[in-house]
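Colleague: I'd like to learn how to read helix packing. Could you walk me through a case?

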Amino acid sequence: ILRSGFMWGMIFLGDMVGRKAHPPTSLALAVCLMTLHNPWAAADVGLLLPASAPLGMLLSGQVVRAPKQRFAKTAGRFRLGKRLVLAAVPSACATSFTLPVLVAFQMGVSLLGIPANLIALPLVPAIVVSGFVMSLPLHVSILNWLGTTGALIGGVLLRVLEVVGRM
């Protein structure tokens, strides 16, 4: 949460002073700020994993950009397959960037990680919306039925996400 907060802080600060954000630089600065009070944290798995996964995802944008332009020019067969490949690239890059950390700390690597991410990714926005809908009756008591419906849908989606997470 700290890394994310520092990164967003750098992005907002850049906007305030009229500079364009550079996410890899924001990530590097966030990691530096997080290790100021304890330099040994740089060798901790609790910092290495949350820093290496976003780095892989940030750099995957450059990997995806060129094929996206090529795929946009080609019409026809295998569109779903191309879209699945493009959706899997960020997850594959995050996995490949965390792999050295996982091996160094003798942690397991799941072969189902990328397919599980492809299943879980579409569920997250629906879970967030159902959480918002579930909170509506707190403010408007006449919407109790909507909150109950949001809780039911959100609960089912969270259960599916939990099953996918155990893969």
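**How two helices pack**

Modeller: In this predicted model, α6 and α7 are roughly antiparallel to each other (the label for angles over 145 degrees). Residues are numbered from 1 along each chain as its sequence is written. Local features need pLDDT of at least 70, side-chain atom pairs count only at pLDDT 80 or more, totals use all residues, and side-chain values use heavy atoms, leaving out hydrogens and water.

Colleague: At what angle do α6 and α7 pack, and how far apart are their axes?

Modeller: Two packed helices are described by the angle between their axes and the distance between the axes. Here helix α6 (residues 123-135) and helix α7 (residues 144-165) pack at about 150 degrees, with axes 8 Å apart. Axes are lines fitted to C-alpha atoms over the stretch in contact, and angles run from 0 to 180 degrees between N-to-C directions.

Colleague: Is the crossing of α6 and α7 left-handed or right-handed?

Modeller: Left-handed: the near helix is turned anticlockwise from the far one by less than a right angle.

Colleague: Which residues meet there?

Modeller: Contact means heavy atoms within 4.5 Å. From α6 come L123, A126, I127, S130, V133 and M134, and their partners in α7 include G147, G150, G154 and L161. The contact's residues divide into eleven nonpolar, four polar (a class that has Gly in it) and no charged.

Colleague: And how many helices and strands does the protein chain have?

Modeller: Helices are DSSP runs (H or I) of at least four residues, strands (E) of at least two. This chain has seven helices and zero strands. Of its 167 residues, 23% count as buried (under 20% relative accessible area, 1.4 Å probe).

Methods
Buried means under 20% relative accessible area, exposed over 50%, partly exposed in between (1.4 Å probe, protein chains only). Angles under 35 degrees count as roughly parallel, over 145 as roughly antiparallel, 65 to 115 as roughly perpendicular and the rest as oblique.
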